[in-house]
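Morning, everyone. I will talk about the ligand and then about the pocket. Please look at the structure first.

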Amino acid sequence: MKTIYLDNGATTKICPAAEAAIKEANEKFFANPASIHHAGIEASKRLERARKTIANTLGASPEEIIFTSGGTESNNLAIKGLSFQNPSKKHIIASKIEHDCVLNSCKWLEERGYEITFLDVDKEGFVNLQQLQNAIRPDTLLVSIIHGNNEIGTLQNLQKIYEICKKKKAIFHTDACQSFTKAPLSAKMADMITINAHKMHGPKGIGALYIRKGIQLTPLAHGGGHQQGIRSGTQNVAAAAGFEAAIKEAQKQKKQIKNMQNLRDYFIKSALKIPNSTLNGAEGNSRLANNINISFAGVEGESVAALLDMEGICCSTGSACASKSLDPSHVIMAISNNSHERAHGSIRFTLSASNTKKEIDFTLRALAQAVKKLRKISPLKR
Ligand SMILES: Cc1ncc(COP(=O)(O)O)c(C=O)c1O
């Protein structure tokens, strides 16, 4: 059975350029980049080249880029590191549709005396800018709002959010794991930006946090003082080289974003022909180029995904990290006025540039059949 992989929001296949860069770095630059001998210096140069590419991509300077193990660590470092550094300000704002690693970092701080405001979103998943402005107080330290939502694909207007935060003197962090290289993103849009490699055909286990010069974070891991003391631990030169190669590859293939958008819109238009189906999230340029999320009334998303899997199609319900949980998606609940039916009936397909129209047509047929079959036996039948 041929696999049709439509779960690129969970992770992507590493691209050949990233694989080659990792192999080369493992062979030529295996030394510890903190070592002072010539091999260490060469490894350090290779690492710094990767850091510079990431910095240039965001319009930042290399000293503002800290490598981490991925999106989860970058988000934890931004939120907890900033909070520990500024104990006099104990109010944080996040949206209700953040990734679990932001939500749970905030909730962890809440249990330790912080006050967290979780902002509502509208039916497409947008934060209300007026509500944000009203929520920022003199003791607000941080606003953390996801750029491209991992479940429903809605892209927030970072410029407008950042303007409000600057005016009201709150630091603004955004989790851009899903949008990095798929939507315009730069250091002009936030004070701190989380990115990772495995959502854009780079290796797993590496990410970065952009931290605007002047912002101090308390480290979460203490050790040898690597990376300006913000993130100790021997740096992974090969993973950084793979991350860099994946970015360069993505930059070469900008027109593929347009193709993905077209395939996405074709998928959405065709899938919405299935009766009683609802698109979750925004449309057009306000949606991640590769994200499709639809709820089918009267069926469980998990059951649809299981039937599709039997046809070789990989897709998901909720986010990859929470998809083993039977709790309804907090994101769909937030956009649907807490509709359990809509949350349980949702299913997400996330494309990569290598998906074809033939694969999508096959998936659409299998999807229509799966929904029809499940509705016939559904106790929720209308
Ligand atoms: C929006 C978002 N933030 C953070 C993460 C976590 O990233 P990582 O898997 O690199 O820790 C993910 C991945 O699931 C994500 O989609």
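A polar side-chain atom of Q178 is 2.8 Å from an oxygen atom of the ligand, which is a polar contact, a pair of N or O atoms within 3.5 Å. A polar backbone atom of G71 also lies 2.8 Å from a ligand oxygen, and for H99 an N or O atom of the side chain is 3.2 Å from one. Of the ligand's 390 Å² of accessible area on its own, the protein covers 88% (Shrake-Rupley method, 1.4 Å probe).

This is a predicted model, where local features need pLDDT of at least 70, side-chain atom pairs count only at pLDDT 80 or more, and totals for chains, interfaces and linings use all residues. Residues are numbered from 1 along each chain as its sequence is written, and side-chain values use heavy atoms, with hydrogens and water left out.

Now the pocket. The lining of the largest pocket draws at least three residues from each of domain 1 (4-12 + 254-377) and domain 2 (16-251); the bounds come from an automatic or database domain assignment. A pocket here is an open set of points on a 1 Å grid over the protein atoms alone, where a 1.4 Å probe fits, with protein on both sides within 12 Å along at least five of seven lines; lining residues have an atom within 4 Å of a point. The lining has 29 residues, and H201, Q253, S352, A353 and S354 lie nearest the centre.

Note on methods: A polar contact is a pair of N or O atoms within 3.5 Å; within protein, one must be able to donate a hydrogen and the other to accept it, and residues adjacent in sequence count only if both atoms are side-chain atoms.
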